[in-house]
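User: I am new to this structure. Please take me through the terms used for it, one at a time.

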Amino acid sequence: MSLLLLLYGAGSSLVLAWAAHRLARAPRDVPTWAVTGLVACWAAAYPFGLAADRNEVFLGLAPMTSRLLQHLLALSAVNCMVYFYFFSALEPARARRRAAWYGLALLAAVTVLTAAVAATPDGVRTRDHTVTGVAVFFVTADLYLAAGFALGWVWTRRLARDAAPRSARGLRITSVGMAAVVAANALFVPAVLMRWAGGERAPDSLDTAGAAETTLGWFGAVFLLLPGIALILVGITYPAAATRLTALRVWWRHLRAYRGLEPLWTALHRHLPEDASHRPPARSRRDALSPRGVHRRYHRRVVECRDGLARVGLRLAAPDTDGGGTGEPAGAAPEEPARRLREALRAHAEGRPVSASAVLVAVPDEGGPDAEVRRMVALSRALRSR
C-alpha cells in the first residue's frame with residue numbers, strides 16, 4: 001500500500017497545481033475556491049499522514065499530533081467539497097446559511113478529535129485501536145467522512161442530471177469515487193470497534209499502514225478508499241482534461257495540414273506572390289508551435305491556397321459520383337488535378353487564358369471546409385511526389 005500512498009500524494013500535488021491555475025483565472029469564483037481548498041487539504045494532509053503511519057516525528061510534531069493535523073485537513077477537505085455543491089447549486093444567501101451549519105458540524109468533530117488526542121497516553125502508536133482515545137478518534141473521523149461523502153454523492157448525482165455531457169461524465173466519475181469512500185469508511189468503523197474490543201490484527205503479510213489494523217480495514221483501504229480518492233481527483237479534472245485533449249487533437253490536425261499544404265502553397269506563391277499574406281516571422285520556435293500560432297498559420301495557408309487556385313482560373317467543383325459529367329469521378333487520384341494545376345500555372349505565367357480542360361476537382365459538395373482541406377492536402381502531396 002506504500003506505492004498507493006505515494007501515487008496518492010503525487011496525484012494530489014498535480015491536481016493542486018491545476019486547481020491553483022484555475023483559481024488564478026477566476027479568483028472571485030467561490031466554487032473554484034472550494035475545489036482548490038479540497039485538493040489543497042488533501043495534498044497537505046499527505047505528509048502528516050505518512051509521518052503518523054510511520055510513528056515518526058515530523059516538523060517537531062509527535063506522531064499523534066501529525067495524525068490530528070492529517071484528519072483536520074481531511075475533514076476540512078470534506079467541508080470544501082460540500083461548500084462547492086452549496087455555492088454551485090443554491091442561491092448565495094441560502095448557500096452561506098448551509099455552509100455555516102456545516103462549519104459548526106466541523107467544529108464539533110474537531111473538538112472531539114482534539115479531546116481524543118489529549119486523552120491518549122504518550123508513546124501510543126497512532127493506529128493502536130485497542131486504546132480508547134485512538135478508537136474514539138478514528139470512529140469520529142470515519143463517521144464524519146462517511147456522512148460528508150454521502151452528502152457529496154447525493155449532490156453529485158443531482159448535478160450530473162442537468163450538466164453538459166462532458167461535465168456530467170466527470171461528475172459521474174466523481175460520484176463513483178465518493179461511493180467507494182463512503183463504503184470504505186463504513187468498513188473502517190466496525191473494523192476499529194472490532195480491534196478495540198479485542199479482535200485479532202490483520203496478518204503481518206498485509207501492509208496495514210493507513211488502515212484499521214484488521215483484515216476488514218485493510219480491504220477497505222486498499223480496494224475502496226485509495227481508488228475512490230483517485231476517482232474523485234480524476235472526475236474533478238476530467239472536463240478540463242477532455243477539453244485540452246480535444247484542443248490538442250485539433251492542434252495536431254492543423255499542424256499536419258499546414259505542413260501537408262506546403263508544396264501546393266509554394267507552387268502558388270512562386271507564381272502568385274502578390275496573394276501571400278505578409279506577416280512578420282515568428283520570433284521563436286515556441287511561438288511557431290503554440291496553439292494560437294499553429295491555428296493562425298494553418299488558416300492563412302488554407303485561405304492563400306484557395307485564393308491562389310481561384311486566381312489561376314481553376315474552380316473547386318464537386319466530383320461526379322457516378323463517373324460521368326465534366327468533373328472527375330469520386331475517389332479519383334489527385335495526380336490528374338496536379339497535372340491540370342501545372343498547366344494552369346504555366347498558362348497564367350504566359351498570360352494565356354485557362355482552358356476549359358483545366359478545371360480542377362478539389363472538394364466535394366458535402367463535408368465542409370475540412371473536406372476541402374483534405375482534398376487540397378492530397379493535391380499538395382501529388383505535387384510533391386512529382
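Analyst: Start with rings. Rings of Phe, Tyr and Trp (its six-membered ring) pair if their centres lie within 6.5 Å; planes under 30 degrees apart count as stacked, over 60 as edge-to-face and the rest as tilted. The structure holds eight aromatic pairs. This is a predicted model: local features need pLDDT of at least 70, side-chain atom pairs count only at pLDDT 80 or more, and totals for chains, interfaces and linings use all residues. Residues are numbered from 1 along each chain as its sequence is written, and side-chain values use heavy atoms, with hydrogens and water left out.

User: What makes F48 and F58 an edge-to-face pair?

Analyst: Their ring centres are 5.4 Å apart, and the planes stand at 85 degrees. That is within the distance limit and over the edge-to-face angle. F48 lies in helix α2 (residues 30-53) and F58 in the loop between α2 and α3 (63-89), so the pair ties together parts 10 residues apart in sequence. Helices here are DSSP runs (H or I, at least four residues), numbered from the N terminus.

User: Is F48 called buried or exposed, and why?

Analyst: Buried means under 20% relative accessible area, exposed over 50%, partly exposed in between (1.4 Å probe, protein chains only). F48 has 14%, so F48 counts as buried. F58 has 26%, so F58 is partly exposed.

User: Which type of aromatic pair do F86 and W155 form?

Analyst: Edge-to-face, with 6.0 Å between centres and 80 degrees between planes. F86 is in helix α3 and W155 in helix α5 (residues 132-162), 69 residues apart. Both F86 and W155 are buried.

User: How do you know that the charge of R158 sits over the ring of W155?

Analyst: The rule asks for NZ of Lys or CZ of Arg within 6 Å of the ring centre and within 35 degrees of the ring normal. The charged end of R158 is 4.6 Å from the centre of the W155 ring. R301 likewise lies over the face of Y258, at 4.0 Å from the ring centre.

User: Why is α6 called roughly antiparallel to α7?

Analyst: Angles under 35 degrees count as roughly parallel, over 145 as roughly antiparallel, 65 to 115 as roughly perpendicular and the rest as oblique. The axes of α6 (residues 165-196) and α7 (residues 215-260) cross at roughly 165 degrees and come within 7 Å. So α6 is roughly antiparallel to α7.

User: What makes α8 and α10 oblique?

Analyst: Helix α8 (residues 262-271) and helix α10 (residues 291-311) have axes that cross at roughly 50 degrees. That angle falls among the rest, so the two are oblique to each other.

Notes: Axes are lines fitted to C-alpha atoms, for helices over the stretch in contact, and angles run from 0 to 180 degrees between N-to-C directions.
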